[in-house]
Amino acid sequence: MIKKVLFIQPPFERTMGYRRYYTHPGLLALAAVVEAGNHKAMVYDADYDVNALSYDADKLMNNYQKYIEILNDINAPIWHEIRAVLEEYNPDVVCVTVLTVTQESAEMVIKIAREYNPNVLVVVGGVHPTLKPEDCLRYADYVIVNEGEKVILDVINECVAKGIVYGKRVMDLDSLPFPAVHALYNIEKYTKRDLSMVISTRGCPNNCAFCCSTEIWKRKVTRKSVDYFVEEMEVLNEKYGIEDFFISDDSFTYDKSWLIDFCEKIEKYKFTWRCLSRLDMINDEMLIRMKRAGCRNIKFGIESGSQRI
């Protein structure tokens, strides 16, 4: 039986008037697997509003009360929008990604989905379900812990018992289909920047004090091959005109040989790109090569104000 699966990013920053950029790579990756399994998939980012404002984190948190007010107002426009999307798509399965800060919003999304269709199958995954799966059992049929690609089809086909389902690590990322960007709801409203985020790794070898990556990935990294990753960027360029990319790996420069190979192969496309790194995982040689290959910005996570540390 072919099922219609709706992946939802619940509203959070949008409720505070914030303009959040980029799509959700995890939902797009899962949607691609669902489509490859001969089901239908749509990805609806309820936290995206192209007309909202962009401002700093301090101002965002100052508006947190707006989020609370909307959570307590069932007639707020965002909840009407979610109902309308559910009515339009009429899914058999609703999959919601959950962060700790979005758990209440996710619960509201699920409540609306079940009011529309009491028989809808509800699946949750993401950071919070991975770290605190028991928290999610009260509002979901299935709670996927860790990566979901190897279990998502069994879950939506109800081939496994309801409750907590433990995903298996995808060791060969090249075996996965490219993210289903085409499955985005109202894709025409997304800017090129919003569609430009790509990721070559899962996990990070570091143990930064401010990051939960260690808890999720256990400092073990899997990575796409250079050829696969370059092809993914090439496809985004051909289909959506993307020429400037945000590479969102936790530590893009951790493997020097991979990085140099990437730079050699991406240079001919004349793309520009940005990435994340650590100060102890980069050197002058790498910086020169990256700049020549189109890198225009690197963001570093700072753990301490001490030069000695």
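Is Thr23 buried or exposed? Thr23 is buried, at a relative accessible area of 7%, where buried means under 20%, exposed over 50% and partly exposed in between, with a 1.4 Å probe and protein chains only. This is a predicted model, in which local features need pLDDT of at least 70, side-chain atom pairs count only at pLDDT 80 or more, and totals for chains, interfaces and linings use all residues. Residues are numbered from 1 along each chain as its sequence is written, and side-chain values use heavy atoms, without hydrogens and water.

**Thr23**
- Thr23 sits in the loop between strand E1 (4-9) and helix H1 (25-36); helices (H or I, at least four residues) and strands (E, at least two) are DSSP runs numbered from the N terminus.
- Leaving aside residues up to four places away in sequence, Thr23 touches Leu28, Leu184, Tyr190, Asp194, Leu195 and Met197 (heavy atoms within 4.5 Å).

**Nonpolar cores**
- The largest nonpolar core has 55 residues, and Phe7, Phe252, Phe262, Trp273 and Met290 have the most contacts inside it; such a core is a set of buried Ala, Val, Leu, Ile, Met, Phe, Trp, Tyr and Cys residues joined through side-chain atoms within 4.5 Å.
- H1 gives the most to this core, with seven residues.
- Another core, of 33 residues, lies apart from it and includes Tyr67, Leu86, Tyr89 and Tyr185.

**Helices H9 and H10**
- Helix H9 (residues 226-240) packs against helix H10 (residues 256-266) at an angle of about 40°, with axes 10 Å apart; axes are lines fitted to C-alpha atoms over the stretch in contact, and angles run from 0 to 180 degrees between N-to-C directions.
- The contact is made by Val226, Asp227, Phe229, Val230 and Met233 of H9 with Trp258, Asp261, Phe262, Lys265 and Ile266 of H10.
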